[in-house]
Amino acid sequence: MNYWAVAFTTGSPHEAEIVKGLLENHGFNAVVMDNGASSAYPQLGSGDITVLVEREHLLRAMYSLQKNPTS
């Protein structure tokens with residue numbers, strides 16, 4: 001059974017998808033979890049969108065994100 005860990009947190013759904021794609025391009029399984037963004041104003045974001053990776057790959061995934069920043 002795989003357990004998931006938070007590799008990245010943002011308020012932007014677009015940034016979360018970019019990070020997910022970057023992680024997947026580096027061979028990691030990644031998922032985006034939106035923990036309550038406002039449906040009335042999604043462009044404002046809630047600051048509670050996370051990108052998760054399998055726990056056993058967390059450190060390598062975070063290292064990949066540091067080497068390839070999204071901004």
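**Entry 1: alanine 7.** I began in strand β1, where alanine 7 lies; helices (H or I, at least four residues) and strands (E, at least two) are DSSP runs, numbered from the N terminus. Alanine 7 counts as buried, at 10% relative accessibility. My cut-offs are under 20% relative accessible area for buried, over 50% for exposed and partly exposed in between, with a 1.4 Å probe and protein chains only. Not counting residues up to four places away in sequence, I find alanine 7 touching Val51, Val53, Leu58, Met62 and Leu65; contact means heavy atoms within 4.5 Å. I also looked up leucine 23, which is 16 residues from alanine 7 along the chain, with 9.7 Å between the C-alpha atoms.

**Entry 2: what I am working with.** This is a predicted model, in which local features need pLDDT of at least 70 and side-chain atom pairs count only at pLDDT 80 or more, while totals for chains, interfaces and linings use all residues. Residues are numbered from 1 along each chain as its sequence is written, and side-chain values use heavy atoms, with hydrogens and water left out.

**Entry 3: the whole chain.** I get 2 helices and 3 strands for the protein. Read from the N terminus, the order of elements is β-α-β-β-α. Of the 71 residues, 27% are buried. Among contacts with a separation of 6 or more, 68% are between residues 24 or more positions apart.

**Entry 4: helix α1.** Helix α1 covers residues 13–25, 13 residues in total, and reaches 18 Å from its first C-alpha to its last. That is close to the 18 Å expected at 1.5 Å a residue, the expected span being 1.5 Å times one less than the number of residues. Which residues of α1 are buried? I noted Ala16, Val19, Leu22 and Leu23. Seen down the axis of α1, these buried residues fall within an arc of 125°, so they line one face of the helix; the arc is that of the directions from the helix axis to the C-beta atoms. On the other side of α1, I find His14, Ile18 and Asn25 exposed. The cover over the buried residues of α1 includes β1 (4–10), β2 (30–34), β3 (49–54) and α2 (58–67).

**Entry 5: the ends of α1.** Proline 13 lies in α1 and is partly exposed, with a relative accessible area of 32%. Proline 13 and valine 32 are 19 residues apart in sequence, and their C-alpha atoms are 8.6 Å apart in space. Just after α1, I saw that glycine 27 takes a positive phi of about 90°.

**Entry 6: α1 against α2.** How do the two helices pack, and at what angle? α1 and α2 pack at about 115°, with their axes 10 Å apart. Axes are lines fitted to C-alpha atoms, for helices over the stretch in contact, and angles run from 0 to 180 degrees between N-to-C directions. The pair is therefore roughly perpendicular, a label for angles of 65 to 115 degrees (under 35 is roughly parallel, over 145 roughly antiparallel, the rest oblique). Val19, Leu22 and Leu23 of α1 make the contact with Ala61, Ser64 and Leu65 of α2.

**Entry 7: threonine 50.** My last stop was strand β3, where threonine 50 is found. Threonine 50 counts as buried, at 8% relative accessibility. Leaving aside neighbours within four places in sequence, threonine 50 is in contact with Val6, Phe8, Thr9, Val31, Val32, Met33 and Asn35.
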